[in-house]
Amino acid sequence: MAETKDVIAEIVGIEPGSTLAQVVAGRADIMALTQQTHDGALMPETPGGLSHAERAALACRIAKINNETAFEAHFEALMDEAGASDATARIADIWFDGGSDARLKALIRHVDLVAHAPKDATRRDIELLREAGIAEPDIVRLAELVAFVSYQIRVAAGLRLMRGLA
Amino acid sequence: MSRIVHEFTTDIPAWKPYVKPLDLTEASPEQLDALKITPSNTKVSDYVLVLAHDVETLKHRTPLFNGVMYNKGGLSRAEREIGAVGASIVNRCIYCAAVHAGRYNQLTKDETVIDAIFADGVDAEIEPRLKAILDFSVKLSKCPQDANEDDMQALVDAGLARDEILDLILSTALFGWANRLMHTLGEPIAE
């Protein structure tokens, strides 16, 4: 697995020696664990039924839903690294709903729902994944992916606002 | 007779998964390690057994969770709970809201703040510092781009130091994660 740098620090643009860098250094343990979880969610050693390329493409979709262009570029780079096929790369197209592929359609539908409006999710949404042939462990992997990326994007958004403080 | 809980409460419900929890007899050594299971300790919650299906995130998530909520210094533990509650209200995670509202009440021995938040949400009449904390956590939870410079400045004006603001960002964001697991993978049940 390729080691990645601190994605949040890079995306926020935390200048070494700045006030923000000093404050973030006080929670270096959390930032390191965040990066390790990023690698575990996007590039796990045991990806199960969700390939690295599919994970990166779904994460890219989540970045777009949140209007986060820096994250979008980051996940696009991960898609390239994972050698995403055109069919897989298309998952990142926000206007693509999976077309005639029932599995892709279910994955995309669920990610869009949970990234944007988790409050609206119900038992039925898990049943729909199951009906599309997605295995129980993969349902959890998918949930962790969208949940983690939603967290990471919010940490970065908060730090970006902190950077703007006088 | 059990029923699904739909309203915010500080009575902690049970959590019933929609997904089949990991069967410990089928767990891999890596899963057992992440679950920190020893022969004398096999009591693991259904929630953790569900998450154990994705062991590569679970093994980092547990220490991360504990760090964000309990690390020394920075924002008070009670105020971190407000970040968690703000997120849980936006995401309508009844279970997380109950646990963390309850913890706030325990830590502060004051139920009026949570009562006001559960009754009126962001319009709750609470002291300015808590109000700034709640407003920020709600905005960052809804859509990260909704939180703006004015919300950040409101935190500074309410007296939050930089390290406290960082802890608020972390606890709020953490519940953007936790709520998306708890609320989407199972339901709160009152027994």
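Colleague: Taking a cavity as a set of grid points where a 1.4 Å probe fits but cannot get out, what volume does the largest cavity have here?

Modeller: Bear in mind that this is a predicted model. The largest cavity comes out at about 30 Å³.

Colleague: And how many cavities of 30 Å³ or more does the structure hold?

Modeller: Just 1 at that cut-off.

Colleague: OK, which residues line the largest cavity?

Modeller: They're in chain B: B:Trp15, then B:Cys93, B:Ile94 and B:Tyr95, then B:Met182 and B:His183, and finally B:Gly186, B:Glu187 and B:Pro188. By class, that lining has 6 nonpolar, 2 polar and 1 charged residues.

Colleague: Which elements do they come from?

Modeller: H5, H9 and strand S3 (186-190) of chain B each supply at least two residues of the lining. Strand S3(B) gives the most, with 3 residues.

Colleague: Switching to open space now. How much of it is in the largest pocket?

Modeller: About 510 Å³. The pocket is lined by 20 residues, and the closest to its centre are B:Ser45, B:Tyr47, B:Val48, B:Phe65 and B:Met182. You've met B:Met182 already, as it also lines the largest cavity.

Colleague: Which helices build that pocket lining?

Modeller: In chain B, helix H2 (46-51), helix H3 (55-70), helix H5 (94-108) and helix H9 (162-185) each give two or more residues. H3(B) gives the most, with 6 residues.

Colleague: And how does the pocket lining divide by residue class?

Modeller: Into 13 nonpolar, 4 polar and 3 charged residues.

Colleague: Let's move on to the interface. How many residues of chain B are in contact with chain A?

Modeller: On the chain B side 54, and they touch 48 residues of chain A. The area buried between the two chains is about 4,400 Å², and carbon and sulfur atoms give 66% of that.

Colleague: What about salt bridges, how many go across?

Modeller: The rule finds 2 across the interface of chain B and chain A. Take B:Asp167 and A:Arg27: their side chains meet in a salt bridge at 2.7 Å, N to O.

Colleague: Which elements of chain B face chain A?

Modeller: H2, H3, helix H4 (77-90), helix H7 (128-142), helix H8 (149-157) and H9 of chain B each give two or more residues to the side that touches chain A. H9(B) gives the most, with 16 residues. By class, that side of chain B has 24 nonpolar, 15 polar and 15 charged residues.

Colleague: Last one: how many salt bridges are there over all chains?

Modeller: The count comes to 20. Among them is a pair in chain A, where the side chains of A:Glu68 and A:Arg160 meet at 2.9 Å, N to O.

Colleague: What does that pair tie together?

Modeller: Parts that are 92 residues apart in sequence, because A:Glu68 lies in the loop between helix H4 (52-65) and helix H5 (69-81) of chain A, whereas A:Arg160 lies in helix H9 (residues 136-163) of chain A.

Technical notes. Residues numbered from 1 in each chain as written. Chains lettered and ligands numbered in written order. Predicted model: local features only at pLDDT ≥ 70, side-chain atom pairs only at ≥ 80, totals over all residues. Heavy atoms only, no water. 1 Å grid on protein atoms, 1.4 Å probe; cavity = no way out; pocket = protein on both sides within 12 Å on 5 of 7 lines; lining within 4 Å. Points joined across faces, edges and corners; volume = space filled by probe spheres on them. Helix = DSSP H or I, 4+ residues; strand = E, 2+ residues; numbered from the N terminus. Nonpolar A, V, L, I, M, F, W, Y, C, P; charged D, E, K, R; others polar. Contact = heavy atoms within 4.5 Å. Buried area = accessible area lost by both parts, 1.4 Å probe. Salt bridge = Lys/Arg side-chain N within 4 Å of Asp/Glu carboxyl O.
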